Amino acid sequence: MQHTFDFAPVLDAWPALLQGALQTLKISGISMALGLCLGIVFMLMRMSPIKAVSAVALAYIEVIRNTPFLVQVFFIFFGMPSLGVTLTAEQAAILAMTLNCAAYSAEIVRGGVESIRKGQIEAGRALGLHTFDVYRYIIFRPAIRAVYPALCSQFILMMLNSSLVASVSAEELTYVGQTIDAETFRSFEVYFVLGVIYLALSQFFSIVLQLIGKAYFSYPTK
């Protein structure tokens, strides 16, 4: 069976594709920022000497990391209304991605924190640094620097996984592509173009994250 390739109907819909790509960037960017902040909170809870606090954080991390992201999205969007919490598709997407990102970020950052030698912390305290400054300059910054490549990979993977939120009609790139496919019946062309756009978005995120890394972590280690 021969197929006549025709990208014109797909390319004609470039305003919708552009809007979908921008929406993907928006959802992913917000989720990354919130997920990293929440991940640091759960990391601190995970390392807490209080067993109950540590157990809560561990339970959260294990549940998120060992259940499919799509199930998490469905639970938030379709399940939570049963508890009286109704969210829009975009809100549900951001919440699901934030919670998912937080669990993975917590473990990644914990690995970096545990790599910091206790002697460095004691030296900071001996110099009279405030506890906040000790955490900020001696623990968190070097720790995040050590695991920054892993965090970047996780963020890019999360951006790619944002395509799954189309299942709850969040109007990001994949949802737009599905709409175009339903209108044009050009499945090959639509998803080929989507693949190219996602590849471009991945490269964009990679460049932005590299620039952030150079700006905040480009200092000598010795």
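Author: Start with what a helix is here: a DSSP run of H or I at least four residues long, numbered from the N terminus. By that rule serine 54 lies in helix 3. Keep in mind that this is a predicted model.

Reader: How many helices and strands are there in the chain?

Author: The chain has nine helices and zero strands. Read from the N terminus, the order of elements is α-α-α-α-α-α-α-α-α. The C-alpha atoms fill a box of roughly 75 × 45 × 30 Å along the principal axes.

Reader: How do I read burial, and is serine 54 buried or exposed?

Author: Burial is judged by relative accessible area, and buried means under 20%. Serine 54 has 14%, so it is buried. Setting aside neighbours within four places in sequence, serine 54 is in contact with Met45, Arg46 and Ser48. For the chain of 222 residues, buried residues make up 39%.

Reader: What about glutamine 23: buried or exposed?

Author: Glutamine 23 is placed in helix 2. Its relative accessible area is 13%, so glutamine 23 is buried as well. Not counting residues up to four places away in sequence, glutamine 23 touches Glu90, Glu171 and Glu172.

Reader: Which residue shows the middle class, partly exposed?

Author: Partly exposed covers the range between buried, under 20%, and exposed, over 50%. Methionine 47 has 36% relative accessibility and therefore counts as partly exposed. Methionine 47 sits in the loop between helix 2 (14–46) and helix 3 (51–65).

Reader: What does methionine 47 contact, apart from its neighbours within four places in sequence?

Author: Methionine 47 is in contact with Arg110, Val113 and Glu114, once those neighbours are left aside. Take glutamate 114: methionine 47 is 67 residues from it in sequence, but the C-alpha to C-alpha distance is 9.5 Å. For the chain, among contacts between residues at least 6 apart in sequence, 76% join residues at least 24 apart.

Reader: Now the helix pairs. What do I look at?

Author: Two packed helices are described by the angle between their axes and the distance between the axes. For helix 2 and helix 8 (residues 173–184), the axes come within 7 Å and cross at roughly 155 degrees. Angles over 145 degrees count as roughly antiparallel, so helix 2 is roughly antiparallel to helix 8.

Reader: Which residues of helix 2 and helix 8 meet?

Author: Helix 2 brings Ala16, Leu17, Gly20, Ala21 and Thr24, and helix 8 brings Leu173, Val176 and Ile180. By class, this contact of helix 2 with helix 8 has six nonpolar, two polar and no charged residues.

Reader: How does helix 2 cross helix 9?

Author: The axes of helix 2 and helix 9 (residues 187–217) come within 11 Å and cross at roughly 40 degrees. That angle makes helix 2 oblique to helix 9. The crossing of helix 2 past helix 9 is right-handed. On the helix 2 side, the residues are Leu17, Ala21, Thr24, Leu25, Ser28, Gly29 and Met32. They meet Val193, Leu194, Ile197, Tyr198, Leu201, Phe204 and Phe205 in helix 9. By class, the contact of helix 2 with helix 9 divides into 11 nonpolar, three polar and no charged residues.

Reader: Last topic: how many aromatic pairs does the structure hold?

Author: A pair of aromatic rings is described by the distance of the centres and the angle of the planes. The structure holds seven aromatic pairs. In phenylalanine 77 and phenylalanine 78 the ring centres are 5.0 Å apart and the planes are at 80 degrees, so the pair is edge-to-face. Phenylalanine 204 and phenylalanine 205 are also an edge-to-face pair, at 6.2 Å centre to centre and 70 degrees between the planes.

Note on methods: Residues are numbered from 1 along each chain as its sequence is written. This is a predicted model: local features need pLDDT of at least 70, side-chain atom pairs count only at pLDDT 80 or more; totals for chains, interfaces and linings use all residues. Side-chain values use heavy atoms; hydrogens and water are left out. Helices (H or I, at least four residues) and strands (E, at least two) are DSSP runs, numbered from the N terminus. Buried means under 20% relative accessible area, exposed over 50%, partly exposed in between (1.4 Å probe, protein chains only). Contact means heavy atoms within 4.5 Å. Axes are lines fitted to C-alpha atoms, for helices over the stretch in contact, and angles run from 0 to 180 degrees between N-to-C directions. Angles under 35 degrees count as roughly parallel, over 145 as roughly antiparallel, 65 to 115 as roughly perpendicular and the rest as oblique. Ala, Val, Leu, Ile, Met, Phe, Trp, Tyr, Cys and Pro count as nonpolar, Asp, Glu, Lys and Arg as charged, and the others, Gly among them, as polar. Rings of Phe, Tyr and Trp (its six-membered ring) pair if their centres lie within 6.5 Å; planes under 30 degrees apart count as stacked, over 60 as edge-to-face and the rest as tilted. A crossing is left-handed if the near helix is turned anticlockwise from the far one by less than a right angle, and right-handed if clockwise.
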